[in-house]
Amino acid sequence: DPSAPLAAEFRERTVQPILKRAFRRDEFLGRINEILFFLPFTETELRALAVKELNKWAARARERHGMRLEWDADVEARVTRGYNVRYGARSIQHEVDRAVVSRLAAASEVDTIRKGSNVRLSVGAGDEIVLKVDTPVVGNENNQKKSFLNLW
């Protein structure tokens, strides 16, 4: 395990003195038999978390509303900028909720998107998520589609 020497050195030089100051007694320290280290996510890991969260919402939109949700790579990068090391993966979830899901909900409330819509997410001016919606025309026997409509 390549991280073992780093973990042992880190434990001896950094963690043990902190625990010694906190507990002040060696018999308490002897009861600690495992230490887990949480390191910040790498850019690749953040991107994977963003894609996972976006895929979750795309599947939900498809299953519940028959909608197709797609996005540009810029959207993944934009969502990862919401990462906060203090809150970990949860900050990516919150950023997707704030930047994407809330916009989809607002568009649904004004009937801009509905069952069968195709929604493409991209990043617009001011680093905001932009929705491009292609919605089937209701009652059209040829099922022709409206042209794209930009929201936000």
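A salt bridge is a side-chain nitrogen of Lys or Arg within 4 Å of a carboxyl oxygen of Asp or Glu. Side chains of opposite charge can pair when their charged atoms come close. This structure holds 13 salt bridges. It is a predicted model, in which local features need pLDDT of at least 70, side-chain atom pairs count only at pLDDT 80 or more, and totals for chains, interfaces and linings use all residues. Residues are numbered from 1 along each chain as its sequence is written, and side-chain values use heavy atoms, with hydrogens and water left out.

Start in helix α1. Helices (H or I, at least four residues) and strands (E, at least two) are DSSP runs, numbered from the N terminus. The side chains of E9 and R13 meet here in a salt bridge, with 3.6 Å from N to O. Both residues lie in α1, four residues apart, which is about one turn of the helix. How accessible are they? Buried means under 20% relative accessible area, exposed over 50%, and partly exposed in between (1.4 Å probe, protein chains only). E9 has 44% relative accessibility, so E9 counts as partly exposed. R13 counts as exposed because its relative accessibility is 65%.

Now look at the strands. R120 forms a salt bridge with E70, and their closest N and O atoms are 3.5 Å apart. R120 lies in strand β2 and E70 in strand β1 (residues 68-71), so this pair ties together parts that are 50 residues apart in sequence. R120 is partly exposed, with a relative accessible area of 31%. E70 is also partly exposed, at 31%.

The side chains of R78 and E95 meet in a salt bridge, 2.6 Å from N to O. This pair links distant parts of the chain: R78 sits in helix α4 (residues 73-80) and E95 in helix α5 (residues 89-109), 17 residues apart. Are R78 and E95 buried or exposed? Both are buried. Salt bridges that share partners join R78, R81, E95, R98 and D127 into one network.

How do α4 and α5 cross? Their axes come within 9 Å and cross at roughly 120 degrees. That makes α4 oblique to α5. Axes are lines fitted to C-alpha atoms, for helices over the stretch in contact, and angles run from 0 to 180 degrees between N-to-C directions. Angles under 35 degrees count as roughly parallel, over 145 as roughly antiparallel, 65 to 115 as roughly perpendicular, and the rest as oblique.

Which residues meet? R78, V79 and T80 in α4 meet I92, E95, V96, R98 and A99 in α5, where contact means heavy atoms within 4.5 Å. By class, this contact has four nonpolar, one polar and three charged residues. Ala, Val, Leu, Ile, Met, Phe, Trp, Tyr, Cys and Pro count as nonpolar, Asp, Glu, Lys and Arg as charged, and the others, Gly among them, as polar.

Finish with the backbone. Most residues other than glycine have a negative phi. R24 has a positive phi, near 65 degrees. R24 lies in the loop between α1 (4-23) and α2 (26-29). At 66% relative accessibility, R24 counts as exposed. D127, a member of the salt-bridge network, also has a positive phi, near 65 degrees. D127 is found in the loop between β2 (118-123) and β3 (129-134). D127 is partly exposed, with a relative accessible area of 29%.
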